[in-house]
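Hi,

Here is the structure I said I would pass on. Have a look first, and my notes on cavities and salt bridges follow below.

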Amino acid sequence: NARRKLIPVFGKPDGKTISFKRSDSNMIAAPANLEGRRGVYAVIPNSKRLGGFIPENAYVLADSKTRANPGDLAIFIDADFNALKSEQNASANIAIVRKDSKGKIYGQMVSPDEKISAQTMHKVIMIITE
């Protein structure tokens, strides 16, 4: 099944954030070890917001079925991922998952330094650079 070898691209840079849309109109080839894994999607990072540590022509792959823990890189979406319809736009960011002294989870952005929170948080499982 050719569909199992593709991963949808749900987000692309848009100013300070990533414009996130749960649509499979844009697809990329899946790395062999991710073929057929449901829940995996890609976003194109806003590399300036990440302090340039991920190149601009990269894809950041996240798994909507994998919980992100402190120390992980994650995609933070300002909407409920499971309720998003394919025509709806949401805003997303890539950040490091942190936990404050009270045990609250948040995202740490680097450039500029900023704390973010979001309704949905998915663990980044792979970064593909071309």
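Which element gives the most to the lining of the second largest cavity? That would be β7, with three residues. Before the rest, some ground rules: this is a predicted model, with local features needing pLDDT of at least 70 and side-chain atom pairs counting only at pLDDT 80 or more, while totals for chains, interfaces and linings use all residues. Residues are numbered from 1 along each chain as its sequence is written, and side-chain values use heavy atoms, with hydrogens and water left out.

**Cavities**

Searching the whole structure turns up two cavities of 30 Å³ or more. A cavity here is a set of points, on a 1 Å grid over the protein atoms alone, where a 1.4 Å probe fits but cannot get out; lining residues have an atom within 4 Å of a point. Volume is the space filled by probe spheres set on the points, which are joined across faces, edges and corners.

The largest cavity holds about 50 Å³. Its lining includes Lys16, Asn46, Arg49, Leu50, Ile94 and Met109. β2 (17-21) and β7 (89-99) are the elements that give it two or more residues (strands are DSSP runs of E, at least two residues, numbered from the N terminus). By class, the lining has five nonpolar, three polar and two charged residues (Ala, Val, Leu, Ile, Met, Phe, Trp, Tyr, Cys and Pro are nonpolar, Asp, Glu, Lys and Arg charged, the others, Gly among them, polar).

The second largest cavity has about 30 Å³ of space. Leu50, Ile94 and Met109 are among its lining residues, along with Phe53 and Gln108. This lining has eight nonpolar residues, one polar and no charged ones.

**Salt bridges**

There are three of these in the whole structure, each a side-chain nitrogen of Lys or Arg within 4 Å of a carboxyl oxygen of Asp or Glu.

- Lys5 and Glu35 pair at 3.0 Å, N to O. Lys5 sits before β1 (6-14) and Glu35 in the loop between β3 (27-29) and β4 (40-43), so the bridge ties together parts 30 residues apart in sequence.
- Asp63 pairs with Arg37, closest N and O atoms 2.6 Å apart. Asp63 is buried at 3% relative accessibility, whereas Arg37 is partly exposed at 40% (buried is under 20% relative accessible area, exposed over 50%, partly exposed in between, with a 1.4 Å probe and protein chains only).
- Lys123 and Asp72 come to 3.9 Å. Lys123 is partly exposed at 26% and Asp72 is buried at 16%.

Cheers

Key. 1 Å grid on protein atoms, 1.4 Å probe; cavity = no way out; pocket = protein on both sides within 12 Å on 5 of 7 lines; lining within 4 Å. Helix = DSSP H or I, 4+ residues; strand = E, 2+ residues; numbered from the N terminus.
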